[in-house]
Amino acid sequence: MSPCVLSRCHDDMAVVKDEVFGSLMSVLQFDCEDEVVARANNTEFGLAGGVFTKDLGRAHRVTSHLKAGSLYVNNYNMYPVGVPFGGYKKSGIGRENGPDAIQYYTQVKSVYVEMNDVKAPF
């Protein structure tokens, strides 16, 4: 499918609020970073998000406040296979790939063994 860029989008549009899978980008105007973060987090979903900017400081500030499992700066959907992948909110539980995926399927148990005499005050 060819990529689709939607301009003049509004916050109440389904394509802005819902999790859309495919080569689609919705473009919205904003006045400040706080507004962008509030609007981006105003959804039931949080699988991934992207920030396109020439200002690396801005990229770090904005991504630190976005509620999404995977965030991309100046690219999208590009990640090494060992990097954990998964969403926030209604976009999934747990992580795929990497050590975080192993932890999801691991039940920790501690067993303490003493083979000598046990000295206990009780």
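Tutor: Helices here are DSSP runs of H or I with at least four residues and strands are runs of E with at least two, both numbered from the N terminus, and under that naming Lys89 lies in strand β6. The model is a predicted one, in which local features need pLDDT of at least 70 and side-chain atom pairs count only at pLDDT 80 or more, while totals for chains, interfaces and linings use all residues. Residues are numbered from 1 along each chain as its sequence is written, and side-chain values use heavy atoms, with hydrogens and water left out.

Student: What makes Lys89 count as partly exposed?

Tutor: Buried means under 20% relative accessible area and exposed means over 50%, with partly exposed in between (1.4 Å probe, protein chains only). The value for Lys89 is 36%, so Lys89 falls in the middle class.

Student: How do you know how many disulfides the whole structure has?

Tutor: A disulfide is counted when a pair of cysteine sulfur atoms lies within 2.5 Å, and a search of the whole structure finds zero of them. For Cys9, the nearest cysteine sulfur is that of Cys4, 8.9 Å away, and Cys9 is in no disulfide. The sulfur of Cys32 is 19 Å from the closest cysteine sulfur, in Cys9, which is too far for a bond.

Student: How are the axes of α2 and α3 placed relative to each other?

Tutor: Axes are lines fitted to C-alpha atoms, for helices over the stretch in contact, with angles from 0 to 180 degrees between N-to-C directions. On that basis the axes of α2 (residues 33-41) and α3 (residues 56-65) come within 9 Å and cross at roughly 35°.

Student: Which residues make the contact between α2 and α3?

Tutor: Contact means heavy atoms within 4.5 Å, and by that criterion Glu33, Val37 and Asn41 in α2 meet Arg58, Arg61, Val62 and His65 in α3. By class, this contact has two nonpolar, two polar and three charged residues, where Ala, Val, Leu, Ile, Met, Phe, Trp, Tyr, Cys and Pro count as nonpolar, Asp, Glu, Lys and Arg as charged, and the others, Gly among them, as polar.

Student: What makes the buried residues of α2 line one face of the helix?

Tutor: The buried residues in α2 are Glu33, Val37 and Asn41. Seen down the axis of α2, they fall within an arc of 55°, so they line one face of the helix, the arc being that of the directions from the helix axis to the C-beta atoms. These buried residues pack against α3 and β6 (88-89).

Student: How do you know that the buried residues of α3 are on the same side?

Tutor: In α3, Ala59, Val62 and Thr63 are buried. They cover an arc of only 95° around the axis, which puts them on the same side of α3. His60, Ser64 and His65 are exposed on the other side of α3, while the buried residues of α3 pack against α2, β4 (48-51) and β5 (70-73).
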